[in-house]
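The briefing after it is arranged by topic.

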Amino acid sequence: MKKVRNVMVLLLVAALTVVLGGCQDDKEGNADTQTESSSQVTSESASSVSGEPVMGGSIVVGIPQDLEDSLDPHVSVAAGTKEVLFNIYEGLVKPDEQGDYKDAVAESHSISEDGKVYTFLLRENVKFHDGTTVTAADVKYSIERCAGINGDGTPLVSAFSNVEKVETPDDQTIEIYLKEADTEFLAYLIVAIIPEHCEDLAKNPVGTGPFKYVSRSPQENIIIEKFDDYWDTENQAYLDQVTFKVVGDSNAIVTGLKSGSIDMYPRVNATQLSQLAGDEDLQVYEGGMNLVQALYLNNAVEPLNDVRVRQALCYAANRQEILDMTADGKGTIIGSSMFPAFEKYYMPELADTYNQDIEKAKELLTEAGYPDGFELTITVPNNYQQHIDAAQILVEQFKQIGVTATIQLIEWDSWLSDVYADRNYQSTVIGVDAAYLSARALLERFTSDAGKNFINYSNEEYDQLYAQVKASTDDAEQVELYKQMETLLCEDAANLYIQDMASEVVLRKNYGGYVFYPLYVQDMAKIYQIAE
């Protein structure tokens, strides 16, 4: 029987020491405690939930948007999609809730001393959801697909551009050869292993995880069910079925939780919690959201292509006021693209670089040629209330320096296409996750030629530092280089960084087992119904 795990902000150990979660009401970045909320329904840790876990049953989980980018794990970019696909797909290795890399599709692995060859022994009799057995050829295909080797040459996952070749000396062994040494590459090998024979993963995902895909009704729900042939017999899912129900409206979320049509909703906001106060059927788990919330700025459009203008916006903002008004003060103010719980990389001092200074902001705007301010459009996905709330507060704060900001609400799929892909916007409030347990995953997106560099940040020194960190095999040197990169993002005011957001998850009391991960995921295999 699985143990009921303690719900807390869990720190990454392994190669990263600790990782990207840790949203707490603590500016210094301490991420090892839980906070109390005056508006909580009931705040409990999983270990305090009474009753024995039972096998079977189902649950309805509310999510704020449909999975509209792709169900193909190598193509999907939205964090909301990845948190669902986590239950369907697995890589050669997978993270546990402490952030350790555990062998998954692989039984064991080794890394050469020069950091250029990663060798994996394939676990025997791992089944795909279509009943076929995972082979070394499937693994080779998956890695080469991510690297663009068996496609048009374009890597689907940027880190895999360093893959030179993949060899399978026998039916159980996979050797991944890198062009250059990369001691962080293991973090990217959580990427999904897929069957070579499947051709329509975007609509019909087939993985090896504890749940298999059943159906998707656009704008309504995504249904997954327990995979009875899951290889890890000791950690099979408790629940028979999980329905991810699309509920983007804030009022509908509260109504659904109260009525029982929704059993769980991750990341409720302070207003929703206050509306749920007193409901004895619900409990709240507190932890980290694992996102960098910021006003992301398009560095290539006027007037944001002037560093003085971007700095002025940063000086105009009062980030503590944003936390106070949107989350009862919870969250951790940050100053660059790094989470507090990525402890050895995180620089808490950067959070104080742009403490609110209205006069300084006005001086910078005057120097830049905008003494009377300018007009600014803030594009926000209409299904993320936390980001809408933050944008509304920024609009009021910017008025103090003559900047007239207007919020443009758009559908999530439009945000993905117009803002993220086409970069057709001025500014946007959004949260960016790491996707992989690597500091590089947060920082590589801001290199000049990165496909994920949707803010069009360009700094030759930053690019050079990134080239150095990729070539380095010395951990201490890598840490220092990453810190220099973070400092440049801060000094250049690449974005107006706000916070590492707090995460409060509402779960009906007849369920237990919820755990926080150092990634933006929902591990439904650990959740169970409680025996009556």
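What follows covers salt bridges, cysteines, a surface patch and a loop serine.

This is a predicted model, in which local features need pLDDT of at least 70 and side-chain atom pairs count only at pLDDT 80 or more, while totals for chains, interfaces and linings use all residues. Residues are numbered from 1 along each chain as its sequence is written, and side-chain values use heavy atoms, with hydrogens and water left out.

**Salt bridges**

- With a salt bridge taken as a side-chain nitrogen of Lys or Arg within 4 Å of a carboxyl oxygen of Asp or Glu, the count comes to 18 salt bridges.
- Lysine 94 pairs with glutamate 90 in a salt bridge whose closest N and O atoms are 2.8 Å apart, and both residues are buried (under 20% relative accessible area, where exposed means over 50% and partly exposed lies in between, using a 1.4 Å probe and protein chains only).
- Glutamate 97 and lysine 526 form a salt bridge through their side chains, at 3.7 Å from N to O. Because glutamate 97 lies in the loop between strands E3 (93-95) and E4 (101-103) and lysine 526 in the loop between strands E19 (511-512) and E20 (528-530), the pair ties together parts that are 429 residues apart in sequence; helices (H or I, at least four residues) and strands (E, at least two) are DSSP runs, numbered from the N terminus.
- Arginine 508 and aspartate 263 also meet in a salt bridge, at 3.3 Å from N to O, and both are buried. Salt bridges with shared partners join Glu97, Asp523 and Lys526 into one network.

**Cysteines**

- The structure holds 0 disulfides, a disulfide being a pair of cysteine sulfur atoms within 2.5 Å.
- The sulfur of cysteine 198 is too far for a bond, because the closest cysteine sulfur, in cysteine 146, is 15 Å away; cysteine 198 is buried, with a relative accessible area of 17%.
- For cysteine 314 the closest cysteine sulfur is in cysteine 490, at 7.7 Å, which is likewise too far for a bond, and cysteine 314 is buried at 5% relative accessible area.

**Surface patch and loop serine**

- Asp357, Glu359, Glu363 and Glu367 form a negative surface patch, where patches are made of residues with over 30% relative accessible area and no salt bridge, like charges being joined within 9 Å.
- Glutamate 363 lies in helix H7 (residues 358-367) and counts as partly exposed at 46% relative accessibility.
- Serine 70, in the loop between strand E2 (58-63) and helix H1 (79-85), is buried at 9% relative accessibility.
- Serine 70 and proline 205 are 135 residues apart in sequence and 9.7 Å apart in space, C-alpha to C-alpha.

Conventions. Patch = residues over 30% accessible without salt bridge, like charges linked within 9 Å, V, L, I, M, F, W, Y side chains within 5 Å. Areas by Shrake-Rupley, 256 points an atom, 1.4 Å probe, with all protein chains shown as cover. Lys, Arg positive; Asp, Glu negative; His and termini not counted. Charge placed at Lys NZ, Arg CZ, Asp CG, Glu CD.
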